[in-house]
Every structure is written in C-alpha cells, then in structure tokens.
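Reader: I would like to learn how to read a model like this one, feature by feature. Could you take me through it?

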Amino acid sequence: MNTETASLGTDAPHSVAPQRTRQTLRTLMRREFWEHTALWLVPLIVAAALAVVTMFAKTIGVRVNDVSIQHFDAPARILVLNMSQLLWVAVLYIAAAIVGAFIALDCLYAERKDRSILFWKSLPVSDGLTVLSKFLVIVAVAPLGIFLLAGASHLIALGIWQLRAASGAVPDVTTWNTVAWLRGECVILLCLILASLWYAPLVAASMLLSAWVKRSPVLWAILPLALGCIFEFLVFRTKHLWHFLQYRSGGIWDVLSHRDGYSVVNGPGKLLNDLNWTAAFTDVDLWLGVLAAAAMLYGAARIRRYRDDT
Amino acid sequence: MTAVIEARDLSKSFGAKRALERVSFSIAAGRIVGLIGPNGAGKTTALKAILGLTPFEGHLSVLGRDPRTQRDELMRDVCFMADVAVLPRWLRVQQALDYCDGVHPRFDRLRALEFLKKTDIQFKSRVRELSKGMVTQLHLALILAIDAKLLVLDEPTLGLDLLYRRQFYDTLLNDYFDKERTILLTTHQVEEVENLFTDVIFIQRGQVALSSSVEDLGSHYLQLNVSADAAARARALKPFYERELFGRVALFFEGRRAAELAPLGELRTPSIADLFVAKMQGASNA
C-alpha cells in the first residue's frame with residue numbers, strides 16, 4: 001500500500017474567507033448560549049423578579065434630605081426615573097457578571113472534563129476562534145443583552161407602576177422625560193463598554209486558567225490569590241497584592257467619578273455631563289489591561305491547541 | 001496511488017515513556033485501514049498525531065499537510081470520531097445539526113436528516129437523553145453528512161451491543177465509503193470488522209509490527225494446523241508462533257512457501273485476529 005506522497009488536500013493552504021469566518025464565529029457564539037443557558041435564563045429570571053416586585057410592592061420608602069419620595073418636586077421626580085434606570089441595570093449586570101465569571105472559569109475546562117473537546121476539535125474550527133467566541137460572548141454579547149433587557153424591563157416595570165399609581169394602589173413618584181431617559185441610557189451604555197474593557201483581563205485570565213488547570217478552576221482562581229495576600233501580609237506586612245486586586249476590581253470607577261482629585265457626581269441626572277469619560281477611556285491602565293487580555297487569550301488558545309481529553 | 005498519510009520516524013514521548021518509537025507507515029487513498037494493537041501500544045497517540053491533537057517528532061504528512069502547523073485547513077478534509085462518549089451531553093440533536101452546518105463548509109444537512117429519519121432519534125432530544133447506540137447513530141449521521149477525504153475512527157463502537165455495531169459498520173460501508181475516501185480505524189473487536197479492512201497496521205510497544213494490505217497477507221503469512229504428533233516436523237520449519245487447540249496445533253509461518261507446508265497438514269491464510277495474536281504473542285515470546 002505504500003506509494004508516492006502527494007497532496008490530496010483540496011487546495012494549497014489558504015485563509016478562510018472572511019464571510020465563512022463570520023458565520024463560524026456566529027455559530028460558536030450561539031453554541032455558548034446553548035451550553036450555558038444561565039447566560040440568558042438568569043437575567044430573564046431576575047428581570048421577571050423585578051417586574052413581580054413592581055407589581056406587588058405597596059410603596060417606596062425613600063427619603064432624601066428628610067423629604068419623602070412621594071413629595072419630591074418636578075426635577076427630583078425625573079431623578080427617580082434615572083435612579084430606577086441605573087438600579088435596574090445594576091441588578092441585572094451583577095447577576096450576569098456572576099454567571100459570566102463562572103462561565104469564564106469553566107468554559108475551557110468543562111470541554112476537557114466531559115471529553116467533548118474531541119468532538120469540537122473534530123470540526124474545522126481554530127482554537128483562536130473558539131477562545132475568541134467564548135470571550136466575546138462574555139464581554140460583548142452578554143453585556144449588550146443586559147443593556148437591552150434592562151432597558152425593556154425597566155420600561156415595562158415603569159408602565160406597571162404608573163398603571164397601579166393611576167388606580168391609587170401606589171404613590172405616583174416619577175415623571176416621564178424622554179431626554180432624561182435617553183441620557184440615562186447613554187450613561188449605562190458607556191459604563192457597560194467601560195466595564196467590558198476594564199474587566200476584559202479578568203475574563204481572559206479566568207479563561208487562561210480554565211484552559212490550563214487539570215481540575216477545580218474555581219479553586220485555582222481563588223486559593224492562590226487568597227494565600228498570596230495572606231503570605232504577603234504575614235511575611236512582609238504589606239498589602240500590595242490585595243490593593244492591586246482591589247484596583248483591578250473597581251479602579252476605573254474612581255477615575256470615572258473624579259476630576260482633579262474631586263468627586264464629580266452630583267446626582268444621577270447629570271452623570272452624562274459630570275462623569276470624567278475622557279479620563280476613563282484614555283486611562284493607561286485600562287488599555288494595558290486590554291493588551292494583557294489579548295496576550296492571555298492568545299495563551300489560552302495556545303494551551304488549548306494541544307489539550308485533549310487527558 | 002497517492003498517499004493520504006505518510007509517517008516517517010514518528011516519535012512521541014510522555015515523560016520517560018516512549019509512546020511511539022520511530023514509526024513509519026503510509027496509507028493510500030481509497031483504503032480502509034485497521035490500526036490494531038494492544039492497550040497502550042500507541043494507537044491513540046498515533047491517531048492524535050495524525051489529527052494534530054498532540055505534538056510529535058518526525059515527519060508526518062496528512063493529505064499533504066503538516067498536522068502541527070496546518071490543522072485548521074486539514075480538518076476541513078478530515079473527519080474524526082472518538083468513542084461514543086464525546087458528544088456533549090447538553091447538546092440537542094437540532095443544535096448538533098445547526099452547529100455542524102454553521103462551522104463546516106462541507107456539511108450536507110439534508111444528508112444528515114435523511115439518515116436520522118431512519119432512526120428513533122427526536123430532534124429536540126438532548127444527547128444525555130439518548131441511549132449509547134442512538135448517540136452513535138447521531139454522531140454517524142453528522143459524519144456521513146460531511147464530505148471528507150479521510151475518516152479517522154478511534155474505537156467508534158466501544159460499549160455498543162452487537163446490533164448497533166453491525167449497523168454502524170454496514171452504514172459506513174454502504175453509505176459512506178468510496179474509492180475517493182480513506183478510513184483509518186482502531187478497534188478491539190478485530191474479529192467483527194476484519195472483513196472490512198483492505199489494509200492492516202499492527203502496532204506494539206510504540207512500533208509498527210506489521211504493515212500490509214490484506215491481499216498481501218496471504219502470500220506472507222500462513223497458518224498450518226497439524227495434529228500434536230505431527231507438530232515436531234512442522235516446528236523444524238521455524239514458525240514464529242504456535243498454539244494448541246483441542247489436541248491440534250496451529251503454527252504460524254512468515255515467508256514460507258505454501259508448497260513447503262501443505263504436505264504437513266491443513267494450510268490456510270490466518271485470520272487478521274489470529275495473525276494479530278500470533279504477532280503480538282510471538283514477539284513477546286521471542
């Protein structure tokens with residue numbers, strides 16, 4: 001059976017057409033939602049829970065400067081609109097972030113654990129595209145979904161509240177203002193983009209860990225950092241690692257909410273003007289983090305390249 | 001003929017253990033090749049090297065490509081099926097079809113549907129709700145629908161009952177295989193599929209113990225069955241392996257002419273399963 005060697009490949013190696021790559025990427029991203037139903041189910045359940053609360057709440061017990069929410073003046077009633085907008089997205093975002101963190105830690109580990117990596121690798125999909133699709137779902141598609149869901153569910157809740165207020169069941173505490181609402185949506189969208197950029201290295205590091213560890217990625221994510229902090233404190237009496245972790249968790253929000261060292265937040269209605277968007281989006285650490293994320297994703301793809309079910 | 005797979009001095013180590021030791025073989029197009037060896041012989045390592053799933057030393061060309069550097073292009077022409085348990089348990093049948101359709105440029109959805117219609121598989125079912133046999137049918141449906149040049153099967157019917165195993169290989173032969181396609185298969189159930197093979201490669205302790213087309217086996221290997229009292233004469237012709245069965249002795253010869261052996265007893269071409277045992281045991285006894 002031995003014979004001359006020759007190429008039986010269809011063509012010389014060539015780059016995949018961009019259209020084909022886009023279709024593959026779309027399919028890979030759909031795959032993530034099939035596998036991780038929590039990605040869409042948890043935010044939907046939280047949104048439904050918020051709607052139920054709106055439906056059955058009897059009143060709102062908020063007081064500002066000793067003035068009850070029922071007696072807010074006209075500008076303050078618009079602030080309630082903006083505040084509830086931010087509250088809605090914050091609750092949904094936190095729920096989705098918890099789901100996203102677990103998915104990032106699990107996604108490249110679970111496929112080895114259940115041996116399905118042999119199936120995924122039996123198809124013509126590169127490791128780079130696979131890793132990229134998982135990353136994009138967590139940092140781009142899911143936040144965009146949260147933005148849309150928060151917007152829609154907030155409007156629905158607002159409608160429910162207003163209907164109940166009209167029948168006298170609950171106090172009428174807000175006034176609709178399209179410009180204020182749109183400005184609120186802009187703030188939310190910009191914050192979500194900023195969050196995706198700032199947390200990209202955390203997601204990428206989790207995925208790198210997920211591709212690398214032999215077992216228990218969640219434990220690997222927590223234990224070395226916790227032990228590192230304790231070790232540093234016991235031996236050197238310093239907290240550099242702890243401060244670094246704190247900084248990478250919320251540092252960008254300090255940059256966003258300060259100008260020349262002073263807080264710029266004067267209430268939810270003026271956030272679009274007040275917040276220091278320029279400083280936040282040109283922050284060196286933000287973009288260094290994005291570069292680090294790119295490097296870690298490359299590392300995760302390289303590790304996955306020769307990972308199998310063993 | 002053209003070689004689909006060409007391996008020269010293929011080596012692979014796991015720490016101190018040599019899983020493959022300068023292995024060389026060649027597989028031509030349009031063949032069904034059995035890669036046969038005992039557990040831990042290096043079969044799966046060889047398959048993983050061919051599929052670009054593991055790094056290795058030496059030269060390996062698959063469909064003219066290097067699996068180390070051109071894996072993504074290679075997998076457009078290669079189909080691979082490990083044992084049945086690798087389809088993710090959460091995947092729905094419909095999603096499996098959608099996924100293959102979305103990522104494989106040569107996936108023919110209608111062909112997969114046609115095959116699935118003949119089974120009891122429901123489109124909405126998840127893999128975890130299917131029996132082992134049905135999961136294999138689903139995986140087979142996906143593979144049949146891919147227009148690949150090389151199909152690599154690693155113990156594809158492990159754990160299946162006889163009916164599913166028979167159906168699997170019948171489908172493979174009737175609905176898939178043609179002269180343009182090559183199938184490389186490892187299995188423990190050699191007796192069941194030996195009529196399928198056009199070529200065999202025996203692998204033992206990381207080395208190729210035999211590589212031959214099935215039609216050439218008859219001219220190289222002979223099995224002589226003699227009564228116990230006539231065995232001494234036959235042993236003088238130096239068989240490489242022998243075994244006793246119900247008072248008769250089966251002796252296996254390599255490179256002997258039939259005319260030399262025929263007068264001594266009943267002569268036949270050994271089955272692949274018998275030859276495999278003879279080669280493996282013969283090598284261990286040597």
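Author: The contact takes 32 residues from chain A and 45 residues from chain B, where two residues are in contact if their C-beta atoms, placed from the backbone, lie within 7 Å. This is a predicted model, in which local features need pLDDT of at least 70 and side-chain atom pairs count only at pLDDT 80 or more, while totals for chains, interfaces and linings use all residues. Residues are numbered from 1 along each chain as its sequence is written, and chains are lettered from A and ligands numbered from 1 in the order in which they are written.

Reader: Which elements of chain A supply at least two residues each to the side that touches chain B?

Author: Elements here are DSSP runs numbered from the N terminus: helices (H or I, at least four residues) and strands (E, at least two). On the chain A side, β1 (4-5), α1 (18-35) and α4 (117-120) each supply at least two residues. The largest share, eight residues, comes from α1(A). By class, this side of chain A divides into 11 nonpolar, 12 polar and nine charged residues. Here Ala, Val, Leu, Ile, Met, Phe, Trp, Tyr, Cys and Pro count as nonpolar, Asp, Glu, Lys and Arg as charged, and the others, Gly among them, as polar.

Reader: How should I read the confidence values of chain A?

Author: The score to look at is pLDDT, the predictor's confidence in each residue, from 0 to 100. Chain A has a mean pLDDT of 89, and 91% of its residues reach 70 or more. Where pLDDT is low, the predicted coordinates should not be read in detail.

Reader: And where is confidence lowest and highest in chain B?

Author: Helix α11 (residues 272-285) of chain B is lowest, at a mean of 80, and helix α3 (residues 93-103) of chain B is highest, at 96. The mean pLDDT of chain B is 89, and 98% of its residues reach 70 or more. The model as a whole scores ipTM 0.88 and pTM 0.89.

Reader: How do strands β1 and β2 of chain B run?

Author: Two strands pair if DSSP finds at least two bridges between them. In chain B, eight bridges join β1 (residues 2-14) to β2 (residues 17-28), and the strands run antiparallel. L10(B) stands opposite V23(B) in β2(B). The two strands form a hairpin with two residues between them, and G15(B) in the turn has a positive phi of about 65 degrees.

Reader: Which residues other than glycine have a positive phi?

Author: Two cases are worth a look. D9(B), in strand β1 of chain B, has a positive phi of about 55 degrees. R205(B), in the loop between β8 and β9 (207-213) of chain B, has a phi near 45 degrees.

Reader: Why does D9(B) count as partly exposed?

Author: The idea is to count neighbours: a residue is buried if 20 or more other C-beta atoms lie within 10 Å of its own, exposed if 12 or fewer, and partly exposed in between, with C-beta atoms placed from the backbone. D9(B) counts as partly exposed because it has 14 C-beta neighbours inside 10 Å. R205(B) is partly exposed too, with 17 other C-beta atoms within 10 Å. Y93(A), in helix α3 (residues 74-113) of chain A, counts as buried because it has 22 C-beta neighbours inside 10 Å.

Reader: How many residues does the largest nonpolar core have?

Author: A nonpolar core is a set of buried Ala, Val, Leu, Ile, Met, Phe, Trp, Tyr and Cys residues joined through C-beta atoms within 7 Å. The largest has 102 residues, and V33(B), I50(B) and L138(B) are among those with the most contacts inside it. Helix α5 (residues 132-144) of chain B gives the largest share of this core, eight residues.
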